[in-house]
Amino acid sequence: MDLTNAQMRDIETLIHPYTNLDAFRQTGPVVMERGEGIHVWDTNGKQYIEGLSGLWCTSLGYNEQELVDAAMEQFRTLPFTHTFAGKSHERAIELAEMLKEIAPHDASKVLFCGSGSEANDQQIKLVWYYNNALGRTAKKKIISRKRAYHGVTVATASLTGLPANQMDFDLPIDRIHHVNCPFAYREAEPGETDDQFTDRLAIELDEYIQREGPDTVAAFIAEPIQGAGGVLLPAEGYFPKIQKVLNKYDVYLIADEVICGFGRTGEMFGSQTFDMKPDTISVAKALSSAYLPIGAITVGEDMYQAMLDESRKIGVFGHGFTYTAHPVCAAVAIKTLEIYKKRNIVGHVQSVAPVFEGRFAKLADHPLVGDARAKGLIGAVEIVADKSTKRAFDASLKVGAACQAFAESEGLITRALGGDIVALCPPLIIKEDEINEVFDRLERALDATEHWVTKEGLRSA
């Protein structure tokens, strides 16, 4: 195919995350030019519905003028200052106060950073710091879950339970462990009810901690909904049962709210939707509607007191980033949280979620769809070769990626995840008629995928 000048320049200059770098040299990028509301346009003038909010993040859609104005005002006033060595600024203080007020646990302090990966990296460091302060120098292991996604730094890619994030990067690092995830469609045993399934996972976790040694296990990290792992909704009752095990062994619970936070599931935080009682949360993405990079973690009073003890001993809290609580990013995040409140975005999600969830439920009847799952305004379909046996297509056929491409030709941006899972996570401002248009386009893409699969005889491949 003929590539444009911009595509050729891109190929020769950029490394693209989560891309087959070799195949990409033949296809080149789709170069985006502008956005408005739930839509984006490429440089050829083609309009798309941004069905994944960029990367699960552009919650208020594109070209939200209040966010642009907030950034410009802060640029003119104080474009940069830092929070090192006792310095501060009003935007950092105000944003921390707002996050403390809405956090789904008793937060004492807030520690800012630049991304979700950095937020979870901070969580690891503080858990280790905390246990050193308490003299529990062996209590350092952190339990994550298979198919989890918690970031791509050396430490957080170790937490992530997806093979491609670890293969040939010499990961995971020591002291990071993984247990089974609560994905009933693939992980439940034949005939096992949700209650039996979650009981089993809780027992397995208890036994795992006992084998490792309770005095060595420090924390358990979990997304309320496992996003990049396939939009995996926990079976009902899962988190309360897990929580009992964690409480039994004094294991700290970290809620990774990077995707679920700020209304995505129909509550302000996914923890509230799924009855999690975290000790701390990690946030990013929708904190600023992705207009500028900012992340944060909340710190409970017990953790803060341990940090004080270590600071007295060492003489400094030896952690922080140049852009921690960057004033322009913080100003945009403040305005984002103000918009969520004044426009009742959570209430809006609750009002349109039945349409979104209902259209997903309808997709379960499609001949390619083995499972359709959704909560609030996030969901996915799992494409299978045989619905009755849940048999997957051979991964080399890339059926999910083909469906993503067919959707893109229909003007819908989705994301194909591992296991031929196609995900949707539209901006939270989406309206009912727009939701129906999203699914009309996705249904046509699934029909085109089914036609291709049948024509090529892929079910028997």
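**Exercises: surface patches and a sheet**

At 41% relative accessibility, D302 counts as partly exposed, because that class lies between buried (under 20% relative accessible area) and exposed (over 50%), with a 1.4 Å probe and protein chains only. Keep in mind that this is a predicted model, where local features need pLDDT of at least 70, side-chain atom pairs count only at pLDDT 80 or more, and totals for chains, interfaces and linings use all residues. Residues are numbered from 1 along each chain as its sequence is written, and side-chain values use heavy atoms, leaving out hydrogens and water.

**Exercise 1.** Find the helix that holds D302 and the patch that D302 belongs to.

*Solution.* 
- Step one: D302 sits in helix α12, residues 301-314 (a helix is a DSSP run of H or I, at least four residues; a strand is a run of E, at least two; both are numbered from the N terminus).
- Step two: D302 gathers with D106, D279 and E301 in a surface patch of negative charge.

**Exercise 2.** Work out the strand order of the open sheet of 4 strands, then its edges.

*Solution.* 
- Step one: the order is β1-β2-β3-β13, with mixed pairing.
- Step two: β1 (32-36) and β13 (412-413) are the edge strands, each pairing on one side only.
- Step three: β1 and β2 (residues 39-42) run antiparallel, joined by 4 bridges.
- Step four: E36 has H39 in β2 as its bridge partner.

How values were computed
Two strands pair if DSSP finds at least two bridges between them. Patches are made of residues with over 30% relative accessible area and no salt bridge: like charges are joined within 9 Å, nonpolar side chains (Val, Leu, Ile, Met, Phe, Trp, Tyr) within 5 Å. Accessible areas come from the Shrake-Rupley method with a 1.4 Å probe; for residues, only the protein chains shown count as cover. A salt bridge is a side-chain nitrogen of Lys or Arg within 4 Å of a carboxyl oxygen of Asp or Glu. Lys and Arg count as positive and Asp and Glu as negative; His and the chain ends are not counted. The place of a charge is taken as NZ of Lys, CZ of Arg, CG of Asp or CD of Glu.
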